[in-house]
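Open the model in your viewer and keep the selection tool at hand. We will go from stop to stop, with something to select at each one.

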Amino acid sequence: MTTSHRADERRFLDERGSSGSLAPNGLNPATIMEKAVRERIVDSYFYKEQCFGLNEADVVDRVVEHVSFIGGTYGSTQKPSPFLCLAFKLLQLAPDDAVLQEYLAFGGERFKYLRVLAAFYVRLTRRAEHVYAILEPFLEDRRKLRRKARAGTSLTFVDQFVDELLTKERVCATSLWQMPKREILEDLDLLEPRVSPLGDIEDLLEEEEEDGEGEEAVNGDGRDDGDDDDDVEVLDDQGRDEDERSQRRRSDSDESGRAYSSERDRDRDHRSRSRTSEGDGMDVDRGDETSQRDDR
């Protein structure tokens, strides 16, 4: 007996609403996404052409070939992205944990969108303690991602996207089910306390406070009286040096002033002598003219 596939996937939506198995977190995979988003996905050209009859292995090829950005619906027509269409296909396929680990283990630039797709699916279908345990290691993934939305295209990173999955209520046009806080799961002994790559923040703060107190002790009360006397002597020497420099500046200014005054006096005497000689020459000329008139 062969099973016929329907291109519009209405069968998945109809059967999962009543008798289909639930996701590990207890949600119905067919209704995790909003109805309006599901209808756009099922009616989209990409879903009908590229997502028909896929299995878990084919999803890898589709992601590598067609997914170049993350997002839900984009553009003025709210077109569903290939990323969202393949996420909906994973809800239909319901891959087990071993397959998801293979998706997440792929590295390199070619498979970064496969990793975030698997992380998105884990957030939609797995229990809270498993979500934290699976996704938190990828908070150190610094690879770049393109994000496309109604406003346009922007840049993000894998670790930032994973952080949004753990902290936000809506990602990629999908409302995420509300998980309990990590502290609550730690109190219930469902999770071990998370160790930051930077170390324990409280220990780092205490070390900084101790270092600051040690520096204040060395620079402040830690000096003895001999050091104070040395400081006073140094200040006295600096004061004497400053007085000597100021006296030299005053003497230099006085000498320059006297030199300027003497030079100014010499210029005045020279101008006066020049005017006197010019006056004598004019008198001689007038005398010659008078004698010439008398002779005539």
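Start with the aromatic rings of this predicted model: a search of the whole structure turns up 5 aromatic pairs. Select Phe 69 and Tyr 74 to see one of them, an edge-to-face pair, because the ring centres are 5.4 Å apart and the planes meet at 85°. A pair of aromatic rings is described by just these two things, the distance of the centres and the angle of the planes. Are Phe 69 and Tyr 74 buried or exposed? Both are buried.

The charged end of Lys 148 sits over the ring of Phe 69, 4.5 Å from the ring centre. For another aromatic stop, select Phe 83, Phe 120 and Phe 161, which form one cluster.

**Strand β1**

Now go to Thr 73, which lies in strand β1, residues 73–74; Tyr 74 from the first stop is buried, and Thr 73 counts as buried too, at 13% relative accessibility. Show the side chain of Gln 78 as well: the side chains of Thr 73 and Gln 78 make a polar contact at 2.8 Å. Leaving aside residues up to four places away in sequence, Thr 73 touches Gln 78, Lys 79, Pro 80, Ala 149, Arg 150 and Ala 173.

Check the backbone angles here. Most residues other than glycine have a negative phi. Cys 172, however, has a positive phi near 55°, and Ala 173 has a positive phi of about 60° although it is not a glycine. Cys 172 is buried with a relative accessible area of 8%, and Ala 173 is buried with 17%.

**The cysteines**

While a cysteine is selected, how many disulfides does the structure hold? The number is 0. Select Cys 51 and Cys 85 to look into this. The sulfur of Cys 51 has its closest cysteine sulfur in Cys 85, but they are 5.7 Å apart, so the distance is too far for a bond; a disulfide needs the two sulfur atoms within 2.5 Å. Cys 51 is also buried, at 0% relative accessibility.

**Helix α6**

Next, select residues 97–105, which make up helix α6, and colour Leu 100, Tyr 103 and Leu 104, which are buried. These residues cover an arc of only 95° around the axis, so they are on the same side of α6. What covers the buried residues of α6? The cover includes α4 (56–66), α5 (82–93), α7 (112–125) and α8 (128–135).

**Zoom out**

Finally, show the whole chain as a cartoon. You will find 12 helices and 6 strands. Colour by burial, and the buried residues make up 32% of the 296 residues. Among contacts between residues at least 6 apart in sequence, 65% join residues at least 24 apart.

Conventions: Residues numbered from 1 in each chain as written. Predicted model: local features only at pLDDT ≥ 70, side-chain atom pairs only at ≥ 80, totals over all residues. Heavy atoms only, no water. Buried < 20%, exposed > 50% of the residue type's maximum accessible area, 1.4 Å probe, protein only. Phe/Tyr/Trp six-rings, centres within 6.5 Å; stacked < 30°, edge-to-face > 60°. Lys NZ or Arg CZ within 6 Å of the ring centre and 35° of its normal. Helix = DSSP H or I, 4+ residues; strand = E, 2+ residues; numbered from the N terminus. Arc of directions from axis to C-beta. Contact = heavy atoms within 4.5 Å. Polar contact = N/O pair within 3.5 Å; in protein donor to acceptor, adjacent residues only side chain to side chain.
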